[in-house]
Amino acid sequence: PAPLAEVLLARVQGLSEPAQRVLRVAAVAGRRVPHRLLASVAGLPEADLEQGLHEAVGAGVLTTDAATGSYAFRHALLQEAVYGDLLPGEQVRLHAACARLLAAEPGGAAAELAHHCLASHDLAGALAASVRAAEEAEAVLAPAEALRHLSTTLRLWERVPEPAAAAGIDRVELTLRAAAAASAAGEHRPAATLAGDA
């Protein structure tokens, strides 16, 4: 609700500009943010970045995890409030920056990349990353997650020029994989519909 968001944002608005910039990037990057991603996307000088991080942690907005070298919002609602306060263009720009960094990492999390590509309106990138995310989910026997990613891919199919080239798979095979994932997840009616579509 708006009144709660205003109360939560009051804690953030009292912080310095570097701290607010760090929080805006962290809100876009996700619940847990690796230091290198935060530093790269924020684009602040090292001293300003450290000052902003110290201030955000000191104010109880972010927490640190020394084992993974990452930061997280103390409360998910606070992250949502900061994210909701961003301008639409700012959201797109920060998601695109996160997507570029994740795409450059070998073996990065495809699901995270798909999310950032979709939020930055890079539909071809989202399509390709969603196919990879579905493969990763299938590899760890998570059919519901695989179905979610394959459903995203099917929704994007008509909106991407040359989707088969971006996905590395044709639509029939993709639909059959979605049907198999739905069946494995216990979603028999959608599985039958997808198989019929294929």
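Guide: A disulfide here is a pair of cysteine sulfur atoms within 2.5 Å. Keep in mind that this is a predicted model.

Visitor: Good to know. By this rule, what does the count of disulfides come to?

Guide: The count is zero. C98, for instance, is in no disulfide, and the nearest cysteine sulfur, that of C117, is 11 Å away.

Visitor: Let's switch to the core. Which residues have the most contacts inside the largest nonpolar core?

Guide: Those are L23, L38, L62 and F73, in a core of 59 residues. Helix α2 (residues 17–29) gives the most to this core, contributing eight residues.

Visitor: What is L23 in contact with, leaving aside neighbours within four places in sequence?

Guide: L23 is in contact with V12, L15, A56, V61, L62, F73 and V82.

Visitor: Okay, surface now. Which residues make the nonpolar surface patch of about 270 Å²?

Guide: That patch is made by L4, V7 and L77. V7 sits in helix α1 (residues 2–13), and V7 counts as exposed because its relative accessibility is 55%.

Visitor: On to charges. How many salt bridges does a search of the whole structure find?

Guide: The search finds eight. In one of them, the side chains of E105 and R36 meet at 2.7 Å, N to O. This pair links distant parts of the chain, 69 residues apart: E105 is in the loop between α6 (88–104) and α7 (110–119), and R36 is in helix α3 (residues 35–42).

Visitor: How exposed is E105, and how exposed is R36?

Guide: Both count as partly exposed: E105 has a relative accessible area of 25%, and R36 has 45%.

Visitor: What about R177, which residue does it form a salt bridge with?

Guide: R177 pairs with E138, and their closest N and O atoms are 3.2 Å apart. R177 lies in helix α11 and E138 in helix α8 (residues 123–139), so the pair ties together parts that are 39 residues apart in sequence. R177 is buried at 15% relative accessible area, whereas E138 is partly exposed at 32%.

Visitor: And R171, which residue is its salt-bridge partner?

Guide: That is E158, with the closest N and O atoms 2.5 Å apart. R171 is in helix α11 and E158 is in the loop between α9 and α10 (163–167), 13 residues apart. E158 is exposed, with a relative accessible area of 62%. Elsewhere, salt bridges that share partners join E17, R24 and E90 into one network.

Visitor: Last topic: where is T153 found, and what is it in contact with beyond four places in sequence?

Guide: T153 is in helix α9 (residues 143–156). Its contacts beyond those neighbours are L127, S130, V131 and L174. T153 is buried, with a relative accessible area of 0%.

Visitor: What does T152 touch, not counting residues up to four places away?

Guide: T152 touches L118 and S130. T152 is found in helix α9 and is buried, with a relative accessible area of 11%.

Technical notes. Residues numbered from 1 in each chain as written. Predicted model: local features only at pLDDT ≥ 70, side-chain atom pairs only at ≥ 80, totals over all residues. Heavy atoms only, no water. Patch = residues over 30% accessible without salt bridge, like charges linked within 9 Å, V, L, I, M, F, W, Y side chains within 5 Å. Areas by Shrake-Rupley, 256 points an atom, 1.4 Å probe, with all protein chains shown as cover. Salt bridge = Lys/Arg side-chain N within 4 Å of Asp/Glu carboxyl O. Helix = DSSP H or I, 4+ residues; strand = E, 2+ residues; numbered from the N terminus. Buried < 20%, exposed > 50% of the residue type's maximum accessible area, 1.4 Å probe, protein only. Core = buried A, V, L, I, M, F, W, Y, C linked by side-chain atoms within 4.5 Å. Contact = heavy atoms within 4.5 Å.
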